[in-house]
Amino acid sequence: MTQTDQRFMALALGLGRRGQGRTWPNPAVGCVIVKEGRIVGRGWTQPGGRPHAEPIALAQAGMAAKGATAYVTLEPCSHHGKTPPCAEALINAQVARVVVAVEDSDGRVSGRGFKMLQDAGIEVTQGVLADEAARDLQGFFLKTEQGRPFVTLKLALTLDGRIATATGESQWITGPEARRDVHMMRARHDAVMVGGGTARADDPSLTVRDLGIDDQPVRVVVSRRLDLPLMSNLARTAKDIPVWLAHGADADHELVRTWEGIGAELMPCDLEGAHLSPNSILQSLGSRGLTRVFCEGGGALAASLLTADLVDELVVFSAGKVIGAEGYPGVGAMGVERLGAAPQFDLVEQRAVGADVKMVWRRPT
């Protein structure tokens, strides 16, 4: 692995991140075409998952692609789907070398893209910035291998871990800079998810605002009985921006028909005790193609995901306020009796965002 390979792969990874939140069910891939040290083409997966990164970069490169090196963040696809194989496109363009960060775990591709390229006489280099690429593509890999999306849990807390006062007041615990940062994180996920209690108490829109972004994430609400207000922001906009409702089989059939009638997609999920199974919820989301889900609470949903070990990244905004024990906790009851049984995360980032502190914690590797 040369420094040149690392530099151009880092550029490809940056391009791939531009597609995060908009390419599902396909991965967000980046591609850079380099000839004689100069970038002649670049591309990233487009909204909806196509065109793929490689044909966009090759089209930009044109005839300059012949004899060039292609840097791709994920193994080029080798199967005919809704578009021709990207490995075939690279072969037809007569590139001399393909540098790839990580192998595709999809059984239709895994290793086959590399073989196609090598059989055509193209030099293949694997594993350049593999750890960074695996992290960026973790949602796609989780969907492929485990049937569920990557889950980011966001908590906005007071210094004593509360999300609302005893009267339910919660706007705003954090400042405007932190709230803008949350909108940027929403934009990089396929869906935003909240529990029914949060939907009832806050009447959220769950959209990305003030960033000049047209593509909106799917809005997911977890509500066993579908006892959600029918005059809410989510209900009024369900025909324009997707609303998916995870509910139990015991939800009122009239409510199911009503929500379907106003444009929501209904997702019946299994029960786990008195609540919806978090595994069943995420499997339902994965089966519909989602790769990255941004969960914004509330406390009961956060606790269920943490207890089930389904949180991959935990983002905590800490505000300089103290509410006291009578306020609502950020995480509901989890039944942890021993510290050794508590979910554990590694701190990977900490910085000030306006007057608040943002901490990013990840599941230990």
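Mentor: Let's begin with Glu169, which lies in the loop between β7 (162–164) and α7 (176–187). Helices (H or I, at least four residues) and strands (E, at least two) are DSSP runs numbered from the N terminus. This is a predicted model, in which local features need pLDDT of at least 70 and side-chain atom pairs count only at pLDDT 80 or more, while totals for chains, interfaces and linings use all residues. Residues are numbered from 1 along each chain as its sequence is written, and side-chain values use heavy atoms, leaving out hydrogens and water.

Trainee: Thanks! Why is Glu169 called exposed?

Mentor: Buried means under 20% relative accessible area, exposed means over 50%, and partly exposed is in between (1.4 Å probe, protein chains only). Glu169 has 52% relative accessibility, so it counts as exposed.

Trainee: Which residues is Arg42 in contact with, leaving aside neighbours within four places in sequence?

Mentor: Contact means heavy atoms within 4.5 Å. By that rule Arg42 meets Leu15, Arg18, Cys31, Val32, Ile56, Ala57 and Gln60.

Trainee: How do you know that Ser223 is buried?

Mentor: Ser223 has a relative accessible area of 3%, so the buried label applies. Ser223 is in the loop between β9 (218–222) and α9 (233–236). Beyond four places in sequence, Ser223 touches Gly196, Arg200, Leu228, Ala246, His247, Gly248 and Leu276.

Trainee: What does the side chain of Ser223 reach?

Mentor: The backbone nitrogen of Leu226, at 3.2 Å. A polar contact is a pair of N or O atoms within 3.5 Å; within protein, one must be able to donate a hydrogen and the other to accept it, and residues adjacent in sequence count only if both atoms are side-chain atoms.

Trainee: What makes Asp252 a cap for helix α10 (residues 253–261)?

Mentor: A side-chain oxygen of Asp252 lies 2.8 Å from the backbone nitrogen of Glu254, at the N-terminal end of α10. After α10 comes Gly263, with a positive phi near 110°.

Trainee: Now the whole protein: how many helices and strands does it have?

Mentor: There are twelve helices and 18 strands.

Trainee: How do you know that the protein is as compact as a globular protein of that length?

Mentor: The radius of gyration is taken over C-alpha atoms, and the globule rule is 2.2 Å times the number of residues to the power 0.38. For 365 residues the rule gives 21 Å, and the protein has 22 Å, which is close, so the description holds. The C-alpha trace spans about 65 × 45 × 40 Å along its principal axes.

Trainee: What percentage of the 365 residues count as buried?

Mentor: The figure is 50%.
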